[in-house]
Amino acid sequence: MLARLWLRLGAFLGKTLLWLVGVGLLGWLLATVWFAWQHSGPVSADEQIPPGEAAMTQGIIQTAVRIVDQHREGTRYLRDAHAKAHGCVKAEVSVLADLDTALRQGVFAEPGKVWQATMRLSNGNAYPQFDSIRDARGMAIKLLDVPGKQLMADQQARTEQDFVMFSHPNFFVSDVAEYAQNIGAQADGKKVLAFFPKLDPRSWQIRHLFIALATLAPAPASPTQTTYFSVSPYKFGAANAKFRVAPDPQSCPEYVLPKQNQALPNFLRSALNQQLSTDRVAACFVLQIQRQNPQSSCPSKTPASNGKKAMRRTKPWPRSGFLPRISTRRRRTWPVTTSRSTLGSVWKHTAPSAASTGCERRCMKRSATTVTAAMRRSGRCA
């Protein structure tokens, strides 16, 4: 009697599990078909500015100030994100002499041109924490003495251009409104509301939650051994484009990093210092461009568009048309955080829209640039 009861219970549970799996697969299939249909066809290559963007931007700034106040240490103020730096590097960026004509845009317009630059490597969290904790990693490259008109009217005296990246191809929001809601919820300590703002399931941002969770990745062995992505699209000449910086060890002397003690709170800083200062071995990177194909199904305007999928489905990006080479010569220390500047010259920001949060392989034309970074001295920076 008891054995028969257990058999019936097992059969019931088995059938229930099969039904749940079937319903889940059907839901996944329907969602995939809907997503492909929703984002199919030609898209606009022009910037789409949503109503109220300026007011929402001001609200985001105030929320960021509130986060900075929450995390300050006495009179020391930290950044609202990427507060912990592993180090700063003084570098040279040399545009390739045989650069493809189509890629000669902005700061890359003159083949053989050498730019002085600084590079900051960081963790993504708004408060410094152990490097071993899952987190995003950031890279910022600042070109110095760059001529040209700045985008902001009150910043015309600046002669800098920034390339700002972090270690995931997608961002976890699609537009300014979604970012304002997300960062506001996090500033209030209500992390669940960041992705589930209302009881209405239509407002749930499940895909973006998975992107955010994927962003919090295990630490690399060194900041020089991971890939960094622009996330947001910019103007590259007449095209909309995203860019990434990936390690390029073939362009530098062969080097094996000694094993680091990852139990230490700052082992990424130690790894950077080990290679660049102690062992004096260069670390090289390649900068690559994804240009939007407006006739495809992917507007490159949204930071949440899945460039990662596009990259994984192709062979390594073509090495024809590589741009600059970066090499550092001297150590430099920054006692305070480096300043922010508006992107000028090549990179004009194109605002994200909510039109798409996915990207197929055909969305971007792949060609362009490599930046190789040879960093021989690490510095300290905030």
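**Confidence.** I started at residues 306-380, where pLDDT stays under 50. The model still has 289 contacts beyond four places in sequence for that stretch. This is a predicted model, so I looked up the chain as a whole too: mean pLDDT is 76, and 76% of the residues reach 70 or more.

**Aromatic pairs.** How many aromatic pairs does a search of the whole structure find? I got eight. One of them is Phe108 with Phe163, a tilted pair at 6.1 Å centre to centre and 35 degrees between the planes. Phe108 is in the loop between S1 and strand S2 (114-123), while Phe163 is in strand S4 (residues 160-166), so the pair links parts of the chain 55 residues apart.

Buried or exposed, these two? Phe108 has a relative accessible area of 2%, so I noted it as buried. Phe163 comes out at 3%, which makes it buried as well.

Tyr179 is partly exposed because its relative accessibility is 25%. Both rings belong to one aromatic cluster, together with Phe166, Phe172 and Phe195.

**A charge over a ring.** I checked Trp115 and found the charged end of Lys113 over its ring, 4.6 Å from the centre.

**Ala91.** Last entry: Ala91 lies in strand S1 (residues 85-95). Its relative accessible area is 3%, so Ala91 is buried. From Ala91 to Lys142 I read 9.4 Å, C-alpha to C-alpha, with the two 51 residues apart in sequence.

Definitions and conventions:
Residues numbered from 1 in each chain as written. Predicted model: local features only at pLDDT ≥ 70, side-chain atom pairs only at ≥ 80, totals over all residues. Heavy atoms only, no water. Helix = DSSP H or I, 4+ residues; strand = E, 2+ residues; numbered from the N terminus. Buried < 20%, exposed > 50% of the residue type's maximum accessible area, 1.4 Å probe, protein only. pLDDT = per-residue confidence, 0-100. Contact = heavy atoms within 4.5 Å. Phe/Tyr/Trp six-rings, centres within 6.5 Å; stacked < 30°, edge-to-face > 60°. Lys NZ or Arg CZ within 6 Å of the ring centre and 35° of its normal.
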